[in-house]
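Welcome! Here is a short briefing to read alongside the structure below. Keep the 3D view open as you go.

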Amino acid sequence: MIGNQNYRAQRSTGNPPSSWCNSIRSLISQKQPKEAILIYTRNRRNGGTVIGAIPLVLKACASLSMVGFGKALHSEILKSGVGRDVMVGTSLVDMYGKCRDIVSSRKVFDLMPERNVVSWNAMIGGYMRIGNTRLASILFESMSVKSSITWNEMIDGYARNGDMTMARRIFDSVPVGLKNVVAWTVLVDGYVSNGDMDAAGEVFERMTERNLYVWSVMITGYFKKGDTVKARGIFDGMGSRNLVIWNSLISGYAQNGMCEEVLDAFSRMRGEGFEPDEVTYTSVLSACAQSGMLDIGKEIHQIILEKRIEMNEFVLNGLVDMYAKCGDLRNARLIFEGISLQNSATWNCLITGFAIHGQCTEAIEFFRRMEVSSVKPDSITFLSVLSACAHGGFVEEGLGTFSKMEKYGLKPNVKHYGCLVDLLGRKGKLQDAYNLVKGMPMMPNDVVLGALLGACRIHSDAIMTDCVLELVRKMNSYYSSRDDDDDGHYVLLSNIYAASEKWEMARGVRVKFSANGSKKPPGCSLLVLERI
């Protein structure tokens, strides 16, 4: 409970003691809302005026979604009588809206004796946040005075709810004097978030003024689409850059598996005088993990320690992932055990590391530890454990793990089925594997059918081979009947036949593939020529 029974309300509108009020403001600007709330509760025990600190503390509650704490503070506000202050009321509307308690937010809004445009904006933002664009629009139309933030809130709200038609319509209606660079940026961001890079590019090119954020959005958007050339083109077209821009480039390369480019950009960034932060190091560690560059990963770890970079959850998970995927499971485990509060990503990094390096028993052991912890396994966890069971030949454990997915509210995807098919096939349970494939709620892919056909070859089961080939033919017929000009099914077929060492059939598919004028993108390998 905030405060205590000896609370002495003072109705003055002065600020609380400047020292701790400024400390609260500083901590919130540094994104440390928990510490801000602790300072408030500690100093509030001495009583005194609270009105100046209330909006700050409510902002901290909103950022942490601490609606219970916010309600306790609301109760104090009502007792002290400062709830009539427009800034306090607006902060309550905003806090409840950001905590998705829209009923309480609207109740405070309706009871406010005085509202300003910020109050209306907060209420509109609350409705947009829960997807109620209709009520947000009604409020918007009711406003006698709209600020640029009002228009931007509407554009962003429609964009976040996937309605870019309305977002564009609102943008086109913005009065000339209010259509600033932020409005243009919000629209570009909306198109990028909804995956429409063509429209985003069109708006971006029309902008007469651009801020660094919109450049970052465009770079990130192209990388998410896999268009690394255009992403790099945007980066190269900039006159000046900041750390966020460099991080967009480095993380984009990492997400697309371009590990050499990650290290090159990292080196260039440092050469231009930019100090990497937690985001930078997390991306570089990801590149090291993907490419198995343990030595460079260790160098990055050493730099993190020397520079005293904050060991937040992303950096720590990046270290566990890097060591685990590079095969240094001892260090991965040491870092894991030293983390005070592991999340699902932390557990997944270690379990996956054990699984891919053949330490199947350890992977299963950590899965059991995870189950009794406060962290809930997710889809990735189950995929790693099923992979470990497949490689270790643990049939009963694999079947039991697969059946647990329902308990955690998870639906198996084709990869989970693939692991189970692989497990059953390796142990010679071909009929069980075949029945599983037949009962899959989705179309089996080349990995699933290739594993099953390969198992038939290993166990010399000609009858089952014919049954599986019939499934392959059905899959081929399914893809061939689609009018999407996609020749990908030829690659799938070839992969299936190759996985089961049916080389003549694989060659026949590739001949047909080539006769159609299709080309398969060439594979590539990574060679690290020098260290950082």
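A pocket is found on a 1 Å grid over the protein atoms alone: it is an open set of points where a 1.4 Å probe fits, with protein on both sides within 12 Å along at least five of seven lines, and its lining residues have an atom within 4 Å of a point. Grid points are joined across faces, edges and corners, and a volume is the space filled by probe spheres set on the points. The model is predicted, so local features need pLDDT of at least 70 and side-chain atom pairs count only at pLDDT 80 or more, while totals for chains, interfaces and linings use all residues. Residues are numbered from 1 along each chain as its sequence is written, and side-chain values use heavy atoms, leaving out hydrogens and water.

**The second largest pocket**
- The second largest pocket has a volume of about 340 Å³.
- It is lined by 16 residues, and Thr-282, Ser-286, Phe-314, Gly-318 and Asp-321 are the closest to its centre.
- Helices here are DSSP runs (H or I, at least four residues), numbered from the N terminus.
- At least two lining residues come from each of helix 15 (243–255), helix 17 (278–291), helix 19 (313–325) and helix 21 (344–356).
- Helix 19 gives the most to this lining, with six residues.
- By type, the lining holds five nonpolar, eight polar and three charged residues; Ala, Val, Leu, Ile, Met, Phe, Trp, Tyr, Cys and Pro count as nonpolar, Asp, Glu, Lys and Arg as charged, and the others, Gly among them, as polar.

**The largest pocket**
- The largest pocket has a volume of about 390 Å³.
- Its lining has 17 residues, with Thr-90, Ser-91, Asp-94, Lys-98 and Val-118 the closest to the centre.
- Helix 3 (54–64), helix 5 (86–98), helix 7 (117–129) and helix 9 (148–160) each provide at least two of the lining residues.
- Seven nonpolar, five polar and five charged residues make up this lining.

**Thr-401**
- Thr-401 sits in helix 24 (residues 395–404).
- Thr-401 counts as buried because its relative accessibility is 1%, where buried means under 20% relative accessible area (1.4 Å probe, protein chains only).
- A polar atom of the Thr-401 side chain lies 2.7 Å from the backbone oxygen of Glu-397.
- Leaving out residues up to four places away in sequence, Thr-401 touches Phe-367, Phe-382, Val-385, Leu-386 and Cys-389; contact means heavy atoms within 4.5 Å.

**Ile-303**
- Ile-303 belongs to helix 18 (residues 294–306) and is buried, with a relative accessible area of 13%.
- Ile-303 and Tyr-281 are 22 residues apart in sequence and 9.3 Å apart in space, C-alpha to C-alpha.
- Beyond neighbours within four places in sequence, Ile-303 is in contact with Arg-270 and Tyr-281.

Terms used. Buried means under 20% relative accessible area, exposed over 50%, partly exposed in between (1.4 Å probe, protein chains only). A polar contact is a pair of N or O atoms within 3.5 Å; within protein, one must be able to donate a hydrogen and the other to accept it, and residues adjacent in sequence count only if both atoms are side-chain atoms.
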